[in-house]
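Subject: Structure handover and findings

Dear colleague,

Please find the structure below, handed over for your records. The findings follow it.

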Amino acid sequence: MTFKQLVTRNILRNTRDYGTYFLSSVCSSAIFFIFSLLFFHPNLSEELQGSSDTIGAFANVGMLLAEIVVVLMSFVFLWYAFSLFLQKRKPQLAVYLTLGMSRKQLKHMLYLENLLLGLVAILTGILTGLLSSKLILLITQNVLNLDKTLKFYFPWQSILLTFVIYAVLFLLLSMFTLTKLNRQSLDVLKKSAETSSKPPKTSFVKSVLSVVFILVGYALAQVAAMSMMSRFDFFIALGLLLACVLITILGTYLFFQQASVWIFKVLKKQDRFLNHGRLLTISNLMFRMKSNATMYFLISIIASIAFVGIGVSKSIGSDRFAQTQGDSFAYVYNYSMPITEKKQDNTQFEAYHQKNLDYLMTELTDAGFEPQKLELKTADIGLELGGGKEEYYSAISLSDYQRIAKILGKEELRVTDDSQAIQLAQTNSQVSTAKNKTSKVTGKIINQKMKLTVSKSDIQTTIGFFSPLVVVTDETFNKIYANLDYEQQPVNLIHFENWQKSGEVNAKVMKHLEKENEKTRKKEEEYLKSIDNENYEREFTDDEVKVVNQIESQRFFMTSLYQTWHLSRQANGMIMLISVLLGTVFFIFSSSIIYFKLFGDLEVDGKYHRSLHITGVSRKHRHKMVTTEIIVMFFAPFVMSSLHFIAAMTAMKFLIDLPVYKYVLVILSVYLILQLIFFFVSRFNYLRQLDRYANPYREGSSFK
């Protein structure tokens with residue numbers, strides 16, 4: 001037998017063990033290839049930049065970071081898997097050394113095995129990515145809500161990058177793992193398969209600290225969320241969030257290293273676990289928890305990150321969230337008139353804006369929508385609160401608010417006192433603050449004799465103002481409006497059902513109206529150039545001010561709820577896409593490691609169950625014992641990561657008034673279903689193999 005034949009036969013002989021390692025390598029290289037495919041796509045960046053330069057830049061950075069994360073995850077998990085595999089093969093390697101193989105030849109053999117397996121995995125991963133690329137492009141197009149189709153192209157850059165990166169990765173894996181192997185003696189290799197019979201050591205203090213750290217981490221997450229909501233210093237909130245993450249990670253590590261083992265030690269001493277084989281199950285679980293603690297820790301933390309990433313993107317990618325970020329209406333059209341002119345002199349300017357509004361209403365109607373238009377009178381006011389403090393608001397009448405509430409389907413308000421004003425929430429944090437805390441401010445209206453007491457409401461309504469919106473009685477509003485120093489133009493609000501489906505008509509009207517605004521801007525530039533004052537280097541004359549004001553009166557400010565939602569969907573669709581792909585890598589890695597860890601101890605467990613069979617323990621009872629152990633092995637990290645996920649989303653609930661727990665339930669349910677399928681498949685195969693060891697003379701056994 002040649003050396004190359006030995007390498008090939010070793011791989012084929014260890015198909016079951018190498019299979020999980022190979023599958024993980026294929027999937028990670030395939031997903032890295034998919035990220036590269038999207039990163040180098042000639043149209044994807046252009047399509048996203050067509051919506052927003054920021055979204056385009058975010059997509060490029062996101063894909064690049066995702067590729068880096070995939071490579072790092074691949075290195076950590078594949079290194080861990082390869083180390084486990086070598087640990088199992090050490091007695092076999094000791095035989096090779098005993099038979100006269102030199103250490104150099106042994107290392108060379110393992111080196112070639114890993115490189116051959118890696119090469120096949122890389123090529124298979126690239127081929128898998130190529131075959132699924134059209135489907136991936138279609139999914140990406142839908143997730144990112146792109147207007148144009150992402151065409152298929154031959155991704156030679158992605159192929160080259162994937163091959164080079166993963167070739168280097170497998171070279172590094174081989175170097176690091178074989179360096180450690182080189183330092184171990186022959187006796188160590190022979191004894192590596194022997195398991196320790198000594199009970200694992202634990203510390204009660206560290207066990208308690210693990211739970212305390214986790215609970216403190218959860219509490220810090222809530223405090224960080226509330227500090228953001230209360231407008232604390234950003235860096236304080238960021239520091240709390242960082243402390244929360246670090247403390248939770250430390251608590252998770254200590255829990256699996258200490259507390260989990262300590263719990264089984266305590267259970268072992270209970271009388272009810274001394275019969276029906278429960279003591280054997282508890283003892284096995286105690287040893288398994290200690291030996292697998294690092295694996296459970298890694299899976300729990302990375303699962304938590306994947307869950308939170310998908311949960312956050314799912315929450316803030318909804319149309320309900322978009323409605324809380326921009327204006328509450330489908331369109332808000334606002335403009336101003338020259339404050340030095342009388343109303344009758346503004347007819348031509350009002351006609352210009354009315355023409356734009358008529359165009360917008362006509363296009364929406366022709367597109368099959370039923371738009372409702374509302375002209376809203378507003379009054380900008382300031383309140384003197386005492387101590388030199390001032391607060392500024394935009395006031396609207398109660399009657400106008402009730403019309404807004406009817407159009408938007410919001411709750412109506414009651415304002416009975418002329419000195420009372422109710423402030424509407426502008427952001428999600430203000431909604432949460434109003435729900436959890438009652439606060440009022442009282443002050444005198446600047447330049448007027450009236451006093452107002454402003455209380456906060458948890459009803460969120462935004463119509464394009466930077467100042468908070470307050471609702472006052474009709475009588476109070478009329479008094480305030482009559483005493484204004486200048487006349488404020490009404491804000492035009494347009495809304496209709498199914499605005500989420502207005503993408504085509506929205507693109508048309510926004511393009512047309514942006515051109516109108518561009519004409520006004522150019523007209524102003526040309527005038528400033530004609531009077532040689534482009535950079536505002538000198539003061540304007542009265543006549544020049546008049547002309548500039550007239551030009552500015554044709555300028556308008558318009559917002560589109562669909563555009564806000566569209567950009568939000570693209571940004572969060574990108575987060576969702578990255579999170580799901582990374583989550584897929586994680587799920588495959590974690591499943592492969594658990595599977596390998598389970599079957600890696602099959603020979604030792606087989607001898608143990610052979611002795612149980614000889615002593616009279618029934619097959620049914622042995623299966624029950626093993627099933628309990630496998631359940632803990634498969635679902636302990638899931639339970640821990642689920643708790644972390646729920647704590648994170650609870651903190652998010654403080655910031656965003658959305659049904660986040662519904663998203664939590666959906667995400668955990670999907671993962672649980674996949675994990676259950678994997679559990680039953682693994683359990684079936686493991687019990688079948690274990691029975692062959694326990695009773696080699698049983699019918700159907702391959703060990704007869």
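**Surface patch**

A nonpolar patch on the surface is formed by W79, L119, L123, F154, W156, L160, F163, V164, V168, L172, M175 and F176, which together have about 1200 Å² of accessible area. Patches consist of residues with over 30% relative accessible area and no salt bridge, where like charges are joined within 9 Å and nonpolar side chains (Val, Leu, Ile, Met, Phe, Trp, Tyr) within 5 Å. A salt bridge is a side-chain nitrogen of Lys or Arg within 4 Å of a carboxyl oxygen of Asp or Glu. Accessible areas come from the Shrake-Rupley method with a 1.4 Å probe, and for residues only the protein chains shown count as cover. The elements that contribute two or more residues to the nonpolar patch are α5 (103-131) and α7 (156-182). The most is given by α7, with eight residues. Helices (H or I, at least four residues) and strands (E, at least two) are DSSP runs, numbered from the N terminus. L119 is located in helix α5 and is partly exposed, with a relative accessible area of 38%. Here, buried means under 20% relative accessible area, exposed over 50%, and partly exposed in between (1.4 Å probe, protein chains only).

**Basis of the model**

This is a predicted model, in which local features need pLDDT of at least 70 and side-chain atom pairs count only at pLDDT 80 or more, while totals for chains, interfaces and linings use all residues. Residues are numbered from 1 along each chain as its sequence is written, and side-chain values use heavy atoms, with hydrogens and water left out.

**The chain as a whole**

The chain has 23 helices and ten strands. Of its 704 residues, 50% are buried. Its accessible surface comes to about 35500 Å², of which 61% belongs to carbon and sulfur atoms. Among the contacts in the chain with a separation of 6 or more, 82% are between residues 24 or more positions apart; contact means heavy atoms within 4.5 Å.

**Nonpolar cores**

The largest nonpolar core has 107 residues, and Y21, F35, M109, F256 and F634 are those with the most contacts inside it. Such a core is a set of buried Ala, Val, Leu, Ile, Met, Phe, Trp, Tyr and Cys residues joined through side-chain atoms within 4.5 Å. Another core lies apart from the largest one and has 23 residues, among them F369, W499, L513 and W565. With neighbours within four places in sequence left aside, F35 is in contact with M63, A66, E67, V70, I578, L581 and L582.

**Aromatic pairs**

How many aromatic pairs does a search of the whole structure find? The search finds 18 aromatic pairs. Rings of Phe, Tyr and Trp (its six-membered ring) pair if their centres lie within 6.5 Å; planes under 30 degrees apart count as stacked, over 60 as edge-to-face and the rest as tilted.

One of the pairs is F307 with Y671, which is edge-to-face at 5.1 Å centre to centre, with 85 degrees between the planes. This pair links distant parts of the chain, as F307 is in helix α12 (residues 293-316) and Y671 in helix α23 (residues 660-694), 364 residues apart. F307 counts as buried because its relative accessibility is 4%. Y671 also counts as buried, at 10% relative accessibility.

Y671 forms an aromatic pair with F638 that is stacked, at 5.4 Å centre to centre and 10 degrees between the planes. This pair too links distant parts of the chain: F638 is in helix α22 (residues 619-655) and Y671 in helix α23, 33 residues apart. F638 is buried, with a relative accessible area of 12%. Ring pairs also link F634, F635, F678, F679 and F680 into a cluster.

**Individual residues**

V312 is placed in helix α12 and counts as partly exposed at 27% relative accessibility. Not counting residues up to four places away in sequence, V312 touches M649 and M652. V312 and Y663 are 351 residues apart in sequence, and their C-alpha atoms are 8.9 Å apart in space.

T473 is in the loop between β8 (469-472) and α17 (474-482) and counts as buried, at 7% relative accessibility. Residues up to four places away in sequence aside, T473 touches L398, V415, T416, D417 and D418.

N498 lies in the loop between β9 (491-495) and α18 (503-530). Its phi is near 60 degrees, a positive value in a residue other than glycine. N498 is partly exposed, with a relative accessible area of 43%.

Yours sincerely
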